[in-house]
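Dear colleague,

I am passing on a structure to you together with some notes on what was found in it. Please keep it open beside this message while you read.

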Amino acid sequence: MRNFFKQFGKAVCYLLLFVGMQFLVSFAFQFIFIFTEAFRLAAVGAEFDVQAITERVVEAIYANIGLILLLSNGLTVLFLWLFFRIRKKKLAAEAELAPFSMKLLPILLLLGLSLNVFVSFGMGFLPEWMLEDYMQEITGVFGTTTLLTAAAQIVAAPVAEEVIFRGMIFSRMRKAVPVAAAAAVSSAAFGLVHGQILWMAYAFLLGLLFCAVAWKTDSVLAAVVLHMMFNLGGVVLPYLPIGGTPAAGVLITAAAGALSVALLLLLFRSCSRRKDTGCVSQNP
């Protein structure tokens with residue numbers, strides 16, 4: 001029981017680091033914006049309208065969400081790197097970012113894209129009332145794709161999230177509870193940070209999958225690649241002229257789902273964790 005509370009405490013600390021860094025970066029951005037705006041208004045002798053300033057702050061946050069995510073995710077990983085360096089440890093080892101066999105790379109790349117197609121088109125069959133709030137949230141956060149938002153979605157977020165939720169939380173909880181329970185804890189935390197109920201639901205399921213991939217391949221780096229490709233699909237898919245009709249949506253969803261299952265089976269069949277080294281790179 002003592003070991004459980006010890007590992008659970010570590011997991012909570014890593015979660016707080018992730019959430020806290022996002023809060024601190026957002027707060028710092030708001031503070032700088034308000035200070036700058038107040039100075040500008042004072043310089044021209046204009047009245048300081050709190051409501052108007054608040055609305056402009058919200059607009060500024062959404063307009064600069066890519067930069068905020070890049071900074072918060074980057075600082076999270078940097079903090080962990082410094083923390084373990086001070087303790088004379090390596091972040092790559094602590095977060096289980098081991099190299100994996102390159103024979104798995106094509107499977108991971110294609111699997112990430114097929115999963116995104118399956119999820120994106122599959123949600124199109126949900127009732128409109130369930131999708132309305134989700135679409136507002138997604139549009140508010142990633143409504144306009146820029147170089148910064150794309151970099152945040154495709155690179156920064158997958159790296160930071162996999163390091164925290166699979167590399168730190170999942171790995172620590174495995175020392176205290178069975179793998180399935182550790183995956184559930186990690187995935188629940190992963191879902192919660194996404195905020196919106198529908199987003200939380202499929203993030204939880206994806207979290208379970210990322211945990212399974214990290215565990216089977218013995219490498220969180222494999223989960224990072226899979227996560228990157230899933231998010232890449234989310235950036236690219238809206239610009240592709242596919243779907244259009246309900247029948248096409250059904251066919252695309254079914255095909256993407258079948259392909260995802262086949263790729264998952266192929267990936268897991270290629271890995272016999274701790275029985276051989278088929279999924280782990282032999283390069284030091």
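**Salt bridges**

The count of salt bridges comes to 3, where a salt bridge is a side-chain nitrogen of Lys or Arg within 4 Å of a carboxyl oxygen of Asp or Glu. Before you look at each of them, please note that this is a predicted model, in which local features need pLDDT of at least 70 and side-chain atom pairs count only at pLDDT 80 or more, while totals for chains, interfaces and linings use all residues. Residues are numbered from 1 along each chain as its sequence is written, and side-chain values use heavy atoms, with hydrogens and water left out.

One of the salt bridges joins the side chains of Arg 172 and Glu 94, with 2.7 Å from N to O. This pair links distant parts of the chain, since Arg 172 belongs to helix H7 and Glu 94 to helix H4, 78 residues apart; helices here are DSSP runs (H or I, at least four residues), numbered from the N terminus.

Another salt bridge is formed by Glu 96 and Arg 174, whose closest N and O atoms are 3.0 Å apart. Glu 96 lies in the loop between H4 and helix H5 (105–123) and Arg 174 in the loop between H7 and H8, so this pair ties together parts that are 78 residues apart in sequence. Glu 96 counts as partly exposed at 24% relative accessibility, whereas Arg 174 is buried, with 19%.

There is also a salt bridge between the side chains of Arg 166 and Glu 162, at 2.7 Å from N to O. Arg 166 and Glu 162 are separated by about one helical turn because they are 4 residues apart in helix H7. Arg 166 counts as buried at 0% relative accessibility, and Glu 162 counts as buried at 0% as well.

**Aromatic rings**

How many aromatic pairs does a search of the whole structure find? The search finds 8 aromatic pairs, and the rule is that rings of Phe, Tyr and Trp (its six-membered ring) pair if their centres lie within 6.5 Å, with planes under 30 degrees apart counted as stacked, over 60 as edge-to-face and the rest as tilted. The pair of Phe 4 and Phe 8 is stacked, because the ring centres are 5.7 Å apart and the planes stand at 15°. Phe 4 and Phe 8 are 4 residues apart in helix H1 (residues 2–44), which means that about one helical turn separates them. Phe 4 is partly exposed at 27% relative accessibility, and Phe 8 is partly exposed at 35%.

Phe 165 and Phe 190 form an edge-to-face pair, 5.3 Å centre to centre and with 65° between the planes. This pair links distant parts of the chain, with Phe 165 in helix H7 (residues 147–173) and Phe 190 in helix H8 (residues 179–192), 25 residues apart. Phe 165 is buried, with a relative accessible area of 0%, and Phe 190 is buried, with 3%. Phe 165 and Phe 190 also belong to one aromatic cluster together with Phe 18 and Phe 210.

With kind regards

Conventions:
Helix = DSSP H or I, 4+ residues; strand = E, 2+ residues; numbered from the N terminus. Buried < 20%, exposed > 50% of the residue type's maximum accessible area, 1.4 Å probe, protein only.
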